[in-house]
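Hi,

Here is the structure I promised to pass on. Have a look at it first, and then read my notes below.

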Amino acid sequence: MGTWILVAAVAMLASVWPATAAESGAPQKGLVATVNPVATEAGLQALRDGGNAVDAAIACALTLGVVDGHNSGIGGGCFMTLRLADGRILTLDGREMAPAAATRDMFLRDGKADPRLSQDGALSVGIPGQMATLAFASTHHGRLPLGRLLEAAARVAEQGFALDRHYVGRLRETRSQLALFPESAAIFLRGLPETPSAGDRLRQPDLAASYRQMAAQGVDWFYRGEFARKTEAWMKAHGGAVTASDFARYEVVPREPVRGTYRGYEIVSFPPPSSGGVHVVQILNLLERFDVAALGDGSIEFVHVVAEAMKLAFADRARWLGDPDFAKVPRGLLSKDYAAGLARSLRMDRASAVPSAGLPPGADRDWFTRERNRHTTHFSTADTEGNWVACTASLNTSFGSKVVVPGTGILLNNHMDDFSAQPGVPNFFGLVGAEANAIEARKRPLSSMSPTLVLKDGRPILSVGAAGGPTIISQTLLAILRTIDFGKAPREALAAPRLHHQWKPDELHVEKAWGPAVIEGLRRRGHTVVVDASLGAAQAVGRDAAGRWSASADPRGEGSSGVW
Ligand code: DON
């Protein structure tokens, strides 16, 4: 059984700790990994300024909202998993909330769900939760004043930053939708050359001014002040449902974390309204029934068994998961016995059909009878005091609703699309849902975001999470398997080839890097295999059994990690 203990011994012989010097080593204060070097630097600066891992995470989030604003920002939401130096574990739910005027059928036209309504413009917007979450984390667990972190990020917005090639790609893909909203077009289209390229500078003075307003007035500016009023005015003029009173009633919810175990390690992850933690733990429970390490990471058998387990879990996701304040999400999904029962239906010699969800303990029988890009962001931080953070933040798809509230520079999310607009009708990510995730006033849409911590004997060894819609669950799961079963350090764990199965559509997505032999072998076993060049974007920070630290951004992207 591969563990970091074994790896540490092997690594000493072969001296293979695969991360670069910039990413591993003995930190004076802590480590940071994000998808963007400017944001990573902001996190490290917070550590240098005397902040802890929580301050570093807040600095990363605020700066990502500037330099990676198509993915996340204060107009969106986030989930934050924290392990504090005193051993407490917290999960802060900053997910968007449906406005009070939202109705179950708000996206139906002539009886059919219209994805344009849930994906672009006024109706697609949920009440943002990221700023409330950052303020909560800062007040209760940070050390630096929030205003100082806002001011630092405002300077980046004001001075501008050089676009990377991902940003340029997103602009190209989203150009025509951004052009529909004059305020967004002024910033993201006219603020740049007509055909932008990597290296062009984007300045966002309005966003800088908004950050400074909050540095001066606190987050009430956002939830109870000028920003809420301006948003309501824009919504009224454009057929939206969001009001200033929705903003005033928004609250970050501290929730009870999902806890599981895998081969003696403790897994702590995000509870509903995320499906992430529940299904990462459920799939690990299923896989614990198999000798995964003996199958070998590059093998057909490994991909097959993981894919079959994913299929079973995603069938349950579609049926049982939703905002727990509205839907009864059975805790039995986390039970080892339930997983053992499901595992009995899993055959190693061929892909099995999964016709429907299972019936986990505690379920109420009568309760209710495409593209995979990286439009979200995950970042991880840790410090030598013992604070660890895993945070995933999102506007949902690229540039969210594409709406910037006039005069504020703040882009709003389109997370209303994560609800199930109609039973069985897939959303942007091809995910289907049912009653549990139907739209209701003030309900939070189901998510896959999975900011997760792994602990051994109470000591954190990994902070991990990902972007990429439902593949977030698969990426997080695979990073954990690669750490625990195959003894890999973060960079290797993230570099290894990925797979994803979400039950519907019945397709097994695999990265090309698995190679033709594995791909053909899976087809022979009856899987409908779709080969993707690259799947997702995950970031991680880790500490092995020998006490060595390491951080890594996804080697597929342009992110960075650092130690201070
Ligand atoms: O919360 C969720 O699961 C999604 N809205 C996350 C979106 C995402 O990862 C976009 N990336 N492809």
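Where is phenylalanine 399 found? It sits in the loop between β12 (388-394) and β13 (452-456). Before I go on, please keep in mind that this is a predicted model.

Phenylalanine 399 has a phi near 60°, a positive value in a residue that is not glycine. Its relative accessible area is 0%, so phenylalanine 399 is buried. One residue that touches Phe399 is threonine 174, which also contacts Ser398 and Lys402, leaving aside residues up to four places away in sequence. Threonine 174 belongs to helix α7 (residues 165-178). With a relative accessibility of 3%, threonine 174 counts as buried too, because the cut-off for buried is under 20%. A polar atom of the threonine 174 side chain lies 2.6 Å from the backbone oxygen of arginine 170.

Arginine 263 also has a positive phi, about 50°, although it is not a glycine. You'll find arginine 263 in the loop between β9 (258-262) and β10. Its relative accessibility is 19%, and since buried means under 20%, arginine 263 counts as buried.

Now for the cis peptide bonds. One joins proline 272 and proline 273, with omega about 15°; proline 273 is in the loop between β10 (265-269) and α13 (276-287). Another runs from lysine 504 to proline 505, with omega near -5°. Proline 505 lies in the loop between β15 (499-500) and β16 (508-511).

On to the overall layout. The domain assignment gives domain 1 (30-254 + 376-437) and domain 2 (256-374 + 449-541). The C-alpha centres of the two domains are 26 Å apart.

The largest cavity holds about 240 Å³ of space. It is lined by 28 residues, and those closest to its centre are Arg317, Asp418, Phe429, Leu431 and Leu446. By class, that lining has 12 nonpolar, 13 polar and 3 charged residues. Domain 1 and domain 2 each supply at least three residues to the lining of the largest cavity.

The second largest cavity has a volume of about 100 Å³. Of its 16 lining residues, Gly65, Gly73, Leu207, Gly409 and Leu411 lie nearest the centre. This lining splits into 8 nonpolar and 8 polar residues, with no charged ones.

Cheers

Conventions:
Residues numbered from 1 in each chain as written. Predicted model: local features only at pLDDT ≥ 70, side-chain atom pairs only at ≥ 80, totals over all residues. Heavy atoms only, no water. Helix = DSSP H or I, 4+ residues; strand = E, 2+ residues; numbered from the N terminus. Buried < 20%, exposed > 50% of the residue type's maximum accessible area, 1.4 Å probe, protein only. Polar contact = N/O pair within 3.5 Å; in protein donor to acceptor, adjacent residues only side chain to side chain. Contact = heavy atoms within 4.5 Å. 1 Å grid on protein atoms, 1.4 Å probe; cavity = no way out; pocket = protein on both sides within 12 Å on 5 of 7 lines; lining within 4 Å. Points joined across faces, edges and corners; volume = space filled by probe spheres on them. Nonpolar A, V, L, I, M, F, W, Y, C, P; charged D, E, K, R; others polar. Domains from an automatic or database assignment.
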